[in-house]
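I opened the model to look up how it is put together. My notes follow the order in which I checked things.

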Amino acid sequence: MAKRQLVVFTDLDGTLLDHDSYDWRPAKPALDALWAASVPVVLNSSKTRSEIRSLRDELGNRDPFIVENGAAVVIPENYFEPGEEQVVPFAPHRDIILDVLDVLKDKGFAFHNFDAMTISELARITGLSEAAAAAAKARDATEPLIWQGDDAALAEFRRVLATHQLQLLQGGRFYHVMGFFDKAGAMLYLMEQYREKHLGFDVVSVALGDSPNDVRMLEQADIPVIIRGINSAQLVLTGGREPLRSIKVGPAGWNECILGLLADALN
Ligand SMILES: [Mg+2]
């Protein structure tokens with residue numbers, strides 16, 4: 001039987017990071033165990049390039065990462081092959097989205113989006129520092145918003161967005177307006193690269209998430225793991241595969257599930 005090479009893809013908010021405090025330290029034992037076992041950890045989040053870069057530095061992570069719900073993959077220099085850092089885009093630019101949202105705001109749809117928020121307002125809403133809020137506003141291809149209308153208007157908003165080739169995904173804290181791409185496409189792209197890098201190995205993807213914007217990634221992963229949180233109970237995967245579900249919440253649940261998977265892999 002071929003040797004297994006695991007590759008971990010993880011959501012951040014509510015999954016590797018605590019929903020309220022953004023703390024990842026409860027997951028440190030599992031992160032250390034993955035590092036020791038040479039298992040890549042690919043951060044796959046709605047966060048921006050500059051937000052994920054600073055978290056990667058904090059974690060000491062050196063693997064590729066996926067930004068803004070799959071809008072782009074960033075591959076570090078000399079990772080799969082010799083050369084400079086590569087940014088592989090999967091989405092149209094954010095300016096196209098902002099133009100459409102301007103029109104819809106004028107039509108009376110009630111929402112408050114990141115571009116319309118000041119840095120201090122965003123810091124207050126998210127609990128982020130002003131520097132971190134500025135990094136969250138520096139977006140490439142997606143626009144988060146707070147919905148202020150009722151459910152009927154939300155359904156109409158979705159329908160109109162679709163006529164502009166845009167979709168609305170629900171994250172832990174915000175709705176995200178974006179093109180028709182997702183965290184799964186970017187994950188599958190990287191899995192191809194890992195398969196080429198580890199020829200002769202059985203390359204297995206483990207995906208961890210807690211919210212509706214993680215569902216496609218979880219469905220496309222070999223081992224899907226749902227981390228308990230405010231949205232996780234409503235998550236159902238199509239295709240009949242039963243996900244692992246953490247008992248603990250957020251990064252403590254992440255730690256629990258990854259250590260369990262690594263123990264299983266050794267048996
Ligand atoms: Mg999340």
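How many bridges join strand β7 to strand β9? I found 3 bridges between β7 (residues 143-147) and β9 (residues 175-178), which run antiparallel. One pair I noted is Glu143 with its bridge partner Val177 in β9. Helices and strands here are DSSP runs, numbered from the N terminus (helices H or I, at least four residues; strands E, at least two). Two strands pair if DSSP finds at least two bridges between them.

Ground rules next. This is a predicted model, in which local features need pLDDT of at least 70, side-chain atom pairs count only at pLDDT 80 or more, and totals for chains, interfaces and linings use all residues. Residues are numbered from 1 along each chain as its sequence is written.

**Sheet.** I traced an open sheet of 4 strands in the order β6-β7-β9-β8, with antiparallel pairing. β6 (111-113) and β8 (167-170) each have a single partner strand, so one side of each is left without a neighbour in the sheet. Neighbouring strands are turned by 35 degrees against each other on average, direction ignored.

**Helices on the sheet.** Helix α3 (residues 94-106) lies across β6, β7 and β9, at about 30 degrees to β7. Helix α6 (residues 151-163) touches β7, β8 and β9, and its direction makes about 130 degrees with that of β8. Axes are lines fitted to C-alpha atoms, for helices over the stretch in contact; angles run from 0 to 180 degrees between N-to-C directions. Contact means C-beta atoms, placed from the backbone, within 7 Å.

**Domains.** I read off domain 1 (4-89 + 182-266) and domain 2 (94-178); such bounds come from an automatic or database domain assignment. Their centres, taken over C-alpha atoms, are separated by 25 Å. 20 residues of domain 1 are in contact with 15 residues of domain 2. Helix α2 (residues 49-59) gives the largest share of the domain 1 side, 4 residues.

Which way does phi point at Gln165, positive or negative? Gln165 has a positive phi of about 60 degrees and is not a glycine. Most residues other than glycine have a negative phi. Gln165 sits in the loop between α6 and β8. Gln165 counts as exposed, with 11 C-beta neighbours inside 10 Å. Asn78 also has a positive phi, about 55 degrees. Asn78 lies in the loop between β4 (72-75) and β5 (86-89). Asn78 is exposed too, with 10 other C-beta atoms within 10 Å. The cut-offs for other C-beta atoms within 10 Å, placed from the backbone, are 20 or more for buried, 12 or fewer for exposed, and partly exposed in between.

Notes. Two residues are in contact if their C-beta atoms, placed from the backbone, lie within 7 Å.
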